[in-house]
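Here are a few exercises to work through with the model open in your viewer. Try each task before you read its solution.

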Amino acid sequence: MSALNIKKGSTSHSAYNLRPNYSDTEERHTLAVIVENEPGVLARVIGLFSGRGYNIESLTVAEIDHEGHRSRITIVTSGTPQVIAQITAQLGRIVSVHNVYDLTVEGASVERELALFKVSGKGNDRIEAIRLADIFRANVVDSTLESFIFEITGTPEKIDAFADLMRPLGLEEVARTGVAALSRGAHALP
Amino acid sequence: MSNSMTGAKMVVQALIDQGVDTVFGYPGGAVLPIYDEIFQQNHIQHVLVRHEQGAVHAAEGYARSTGKPGVALVTSGPGATNAVTGLTDALMDSIPIIVLTGQVPTFMIGSDAFQEADTVGITRPCTKHNWLVKDTDALSKTLHEAFHVAMSGRPGPVLVDIPKDVQFATGTYQPAKPQASHYQPQVKGDIESITELAKAIETAKRPIFYTGGGVINSGPQASQLLRELVAATGFPVTSTLMGLGAYPASGEAWLGMLGMHGLYEANMSMHDCDLMINIGARFDDRITGTVEHFSPNSKKAHIDIDASSINKVIRVDIPIVGDVAHVLEDLLKVWKSRGRKTDAEGVAKWWKQINEWRAVDCLAFKQTGPNIRPQHAMARLEALTKGHDRYICTEVGQHQMWAAQYLGFEDPNRWMTSGGLGTMGYGHPASIGVQMAHRDALVINVAGEASWLMNMQELGTAIQYRLPVKQFILNNERLGMVRQWQELLHGERYSQSWSEALPDFVKLAEAFGAKGIQCSDPADLDDAIMEMINHDGPVVFDCLVEKHENCFPMIPSGKPHNEMLLANAKTQGAITGTGAVLV
Ligand SMILES: Cc1cc2nc3c(=O)[nH]c(=O)nc-3n(C[C@H](O)[C@H](O)[C@H](O)COP(=O)(O)OP(=O)(O)OC[C@H]3O[C@@H](n4cnc5c(N)ncnc54)[C@H](O)[C@@H]3O)c2cc1C
Ligand SMILES: Cc1ncc(C[n+]2csc(CCOP(=O)(O)OP(=O)(O)O)c2C)c(N)n1
């Protein structure tokens, strides 16, 4: 097939390849998706992303209205503006999705993630770890003579930064929740 | 009527309440209670197909030809997996069908029980929505919701998976309640955008209506409004494969089908237009070719009920989310109230140009030589069946394209074809579904011999239910469309595209109890077709045609619309470079 002169990386046989680049700039968007909390709903959302080749940087889900059986899925994704618009529209047509909000478009929003870090060490490393945790306002939620578990909330960037600092100090294990987000101000999503 | 009943009875009751008269299905262990209920009633006719794929395509044929939802009923495990192709087909072509599957009892789910398959998992990506019902009390509501979802907004296939214990248990039946669902897609278009489109119509010099399956989906009213709009504006109209019949082929403004195998005048007009009005079409890659070259200088409007269809492939200037009939009604109102203006002079000039393209007569062919040319077979079929109450189905391949090019459709819902998925084996069962809905009509499936063999067993169904479907096989003893691409793209290396060891179709028909007709001489063709039409029963017509005929016109993949290949084109290496990766 050498005669075809196909560039590496552009050999997808799917029609998506035919898309023009209206704007090449990849943007990172945070979407809030309000869904009916029924079996399979998360699989529908995730299947949409994998089936159509969209990115998921982070995804969180929990029921937010126990009586109304509504869950809120927060998805951080990236793509060109056309892809983001397509993702929003594709999410919107899933029957169990009630609403889709692009928080990045709707104005300023607050994004928070919670993470747990297990750090083990002795001596100076241990002291340094707890000093840095204090600076980052991380809480100690478990401790032994050789280890701590820190709990930290913040933007994903803050958590990344904390992880970078903990790594040389004996970082053993990390658990992160993914991003939860709300738009700023008094106005609530309908 | 008491509202307390078994789940199995609820299924039948819900179908009756939803106005269903026909169910296509195949029984098995996990649906026996439902079959027992079907046995004990007379409202719904069950059609026993020969393969579950056939049940789903038959339901599609029924749905497309009536505008009502089609229903299929199959068992768990292999019954459900056999339905997957039909579900995907219906999803791609926006056909409303409801597939009911049996499932192992709830307490055995997850244990790899006999004939257990994760049906909702498998069919999640190939249904519009699906449900596993774990509680008999929730069954009737779910079934009504299934019909609502299949039919509302952009139609599509839905599936309800019903475990056997849920069928046996007793619960409370709830009648259908309109508006009970939160799923209520928007049907009215935004009036500002509609006004913007009306203004664009007033000033366009080279306008074109590009219509699609969405007009058929929207119902007969939409086709009527389209005709009114075309007549009032005098603009030319083309359609996708899926939209044929929305505007009559005999209409003055009709340019024929567009796209890869569309007509020269339609594609040239699409390329050169200054205003493209897309009505219920989805800028499929058979239409656009490479998007950079697609109609480079036009303003584009797009009417579609599914927001995700808009700007998916082609960026449009006037997006209108709504149902075709609703939007066209408003568009006509707005445009009329603004004085019914068009640039008559500009449009007249445009027509002059279009008529020059028409004069190329891209579908012209000569029936010469001893063999029947497939185009000739289609032209004769058209001439001899035109006046009939006629429904056409097709399989997939060259014959499908020739049918689209040479048969004329005057009304919507008369043309059943697998467009998006391109499913060989669709047409035969679809023709059975159509004939079930239209017992006295002339239902013809234009087939290729290879496609037809994929679901030929449904001949048994046709015999059993006395369905006089006509299987019109253009037999070129080749996987013709594949062979054509190998000629164009792979140096005539015809790898595995020979249809070998073919059966004697006449004997095959007779073995099932149907009539078989073979025709190879052009001189006999008319009589043979008449014999087929006049036979009161299923017919398998083996029409032996020229073996290496190519289907033209053709836009080679990777090429713009104004670089079509016409008949007798040099085909060697017609597709090169990056076009070759495209399917
Ligand atoms: C071998 C082969 C060759 C083919 N060659 C061609 C070709 O040359 N030309 C061609 O045209 N096709 C061809 N096709 C078919 C092609 O693959 C696509 O199926 C077809 O072009 C799609 O038609 P459509 O755009 O009308 O969309 P459809 O698939 O019919 O989709 C309908 C659109 O309308 C919207 N819609 C649905 N209901 C409504 C409503 N009520 N109101 C408003 N909008 C609604 C939907 O959201 C969707 O966007 C070929 C297929 C095969 C198998
Ligand atoms: C189920 C399925 N398998 C494979 C294909 C690929 N395919 C498209 S057309 C074609 C050949 C069809 O041959 P035939 O039915 O004889 O029709 P012809 O093109 O000769 O008219 C094939 C194999 C398909 N569309 N569907």
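**Exercise 1. Find which element gives the largest share of the lining of the second largest pocket.**

Solution. Start with the element itself: α7(B) gives the largest share, eight residues. Helices here are DSSP runs (H or I, at least four residues) and strands are E runs of at least two, numbered from the N terminus. Next, list the elements that give two or more residues to this lining: β6 (129-132) and α7 (136-151) of chain B. Then look at the whole lining, which has 37 residues, with A:E38, B:W131, B:K141, B:T142 and B:E145 nearest the pocket centre. A pocket, on a 1 Å grid over the protein atoms alone, is an open set of points where a 1.4 Å probe fits, with protein on both sides within 12 Å along at least five of seven lines; lining residues have an atom within 4 Å of a point.

Before moving on, a note on the model. It's predicted, so local features need pLDDT of at least 70 and side-chain atom pairs count only at 80 or more, while totals for chains, interfaces and linings use all residues. Residues are numbered from 1 along each chain as written, chains are lettered from A and ligands numbered from 1 in written order, and side-chain values use heavy atoms, leaving out hydrogens and water.

**Exercise 2. Work out which residues come nearest to ligand 1 and which polar contacts it has.**

Solution. First, the shell: of the 37 residues around ligand 1 (a heavy atom within 4 Å), B:G213, B:T240, B:H261, B:R282 and B:D304 come nearest. Second, the polar contacts (pairs of N or O atoms within 3.5 Å):

- A ligand oxygen is 2.7 Å from a polar backbone atom of B:H261.
- A ligand nitrogen is 2.8 Å from a side-chain N or O atom of B:D323.
- A ligand nitrogen is 3.0 Å from a polar backbone atom of B:V324.

Third, the elements: α10 (213-218), α13 (285-288) and α17 (398-406) of chain B each give two or more residues to the shell. The largest share, four residues, comes from α10(B).

Conventions: Polar contact = N/O pair within 3.5 Å; in protein donor to acceptor, adjacent residues only side chain to side chain.
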